[in-house]
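Biologist: I am new to this structure. Please show me how to read it, one feature at a time.

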Amino acid sequence: MQTNRQTSDYGSIIMTYKDLVLKAKSDKKWRQTHKGQRLLNGRKYKTKLKFEVLLHYTRVFDPTAIVPHCNNPFHKHLPNDPFFTDIESLSIDHINDAGNKHRKEVFGNKRYSGHAFYQWLRSHNYPKGFQVLCMNCQWKKSLKYQKSRRKKPTLLG
Ligand SMILES: [Zn+2]
């Protein structure tokens, strides 16, 4: 392939418009042929990241833990499975119930969650105020919170 390359004062290659077009085409082809691998790498990275973050917060409450598990102190799961460990059903919980406010402050959107949130926790050196809960316990906690709000005195007393 004949290309018309120039070098800058610092010796790096300056790409011409033609080079850039060819590079974009070649990059696109690479992305298409490696689609499966890229997807797998992304999933592996996200699973590893989630495991790492969840294990950190599990160990805050249980230093002996070797896998992440639900940290709910008041709810025992099944008698033969006291620690719920299915990572797909585990997530990070804001202990003070201010998840929406926090997400809005940090990401500008209260629906922001998932691996971007795990990345944020890791890059901020695992701040305090978070725990690991399974979906059942998240739901129970949310019900408790809603019930406590309903008990507020009304105009009639
Ligand atoms: Zn639980």
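Modeller: Along the sequence, the elements follow the pattern β-β-α-α-β-α-α-β-α. Helices (H or I, at least four residues) and strands (E, at least two) are DSSP runs, numbered from the N terminus. The protein has five helices and four strands. Residues are numbered from 1 along each chain as its sequence is written. This is a predicted model, in which local features need pLDDT of at least 70, side-chain atom pairs count only at pLDDT 80 or more, and totals for chains, interfaces and linings use all residues.

Biologist: What is the mean pLDDT of the protein?

Modeller: pLDDT is the predictor's confidence in each residue, from 0 to 100. Where it is low, the predicted coordinates should not be read in detail. Here the mean is 82, and 85% of the residues reach 70 or more. By element, the lowest mean pLDDT, 65, belongs to strand S1 (residues 6–7), and the highest, 92, to S4.

Biologist: Is S4 enclosed or open?

Modeller: Burial is judged by counting neighbours. A residue is buried if 20 or more other C-beta atoms lie within 10 Å of its own, exposed if 12 or fewer, and partly exposed in between, with C-beta atoms placed from the backbone. S4 is largely enclosed by the rest of the structure, because four of its five residues are buried. For the protein, buried residues make up 12% of the 157 residues.

Biologist: Which strand pairs with S4, and in what sense?

Modeller: Two strands pair if DSSP finds at least two bridges between them. Strand S3 (residues 90–94) and S4 pair in the antiparallel sense over five bridges. Within this pair, Ser91 stands opposite Leu133 in S4. In a regular strand the side chains alternate between the two faces of the sheet.

Biologist: Which residues form the largest nonpolar core?

Modeller: A nonpolar core is a set of buried Ala, Val, Leu, Ile, Met, Phe, Trp, Tyr and Cys residues joined through C-beta atoms within 7 Å. The largest one has eleven residues: Val53, Leu54, Tyr57, Cys70, Phe84, Leu90, Phe130, Val132, Leu133, Cys134 and Cys137. Helix H2 (35–61) and S4 are the elements that give two or more residues to this core. S4 supplies the largest share, four residues.

Biologist: What does Leu90 touch?

Modeller: Two residues are in contact if their C-beta atoms, placed from the backbone, lie within 7 Å. Setting aside residues up to four places away in sequence, Leu90 touches Leu54, Pro68, Cys70, Val132 and Cys134. Across the protein, of the contacts with a separation of 6 or more, 58% are between residues 24 or more positions apart.

Biologist: How do I check the length of H2, and which of its residues are buried?

Modeller: The expected span of a helix is 1.5 Å times one less than its number of residues. The 27 residues of H2 should therefore span 39 Å, and its end C-alpha atoms are 40 Å apart, which agrees. The buried residues of H2 are Lys50, Val53, Leu54, Tyr57 and Thr58. Their cover includes S3, H4 and S4.

Biologist: Why does Lys50 count as buried?

Modeller: Lys50 counts as buried because it has 20 C-beta neighbours inside 10 Å. Not counting residues up to four places away in sequence, Lys50 touches Ile87, His115 and Tyr118. Lys50 and Gly114 are 64 residues apart in sequence, yet 8.6 Å apart in space, C-alpha to C-alpha.

Biologist: Does H5 lie enclosed or in the open?

Modeller: Of the 16 residues of H5, one is buried, so the helix lies largely in the open. Helix H5 (residues 135–150) should span 22 Å, and its end C-alpha atoms are 23 Å apart, which agrees.

Biologist: Which residue has a phi near 55 degrees, and where is its place?

Modeller: Most residues other than glycine have a negative phi. Asn125 has a positive phi, near 55 degrees, and its place is in the loop between helix H4 (115–123) and strand S4 (130–134). Asn125 counts as exposed, because it has 7 C-beta neighbours inside 10 Å. Tyr126, in the loop between H4 and S4, also has a positive phi, near 50 degrees. With 13 C-beta neighbours inside 10 Å, Tyr126 counts as partly exposed.
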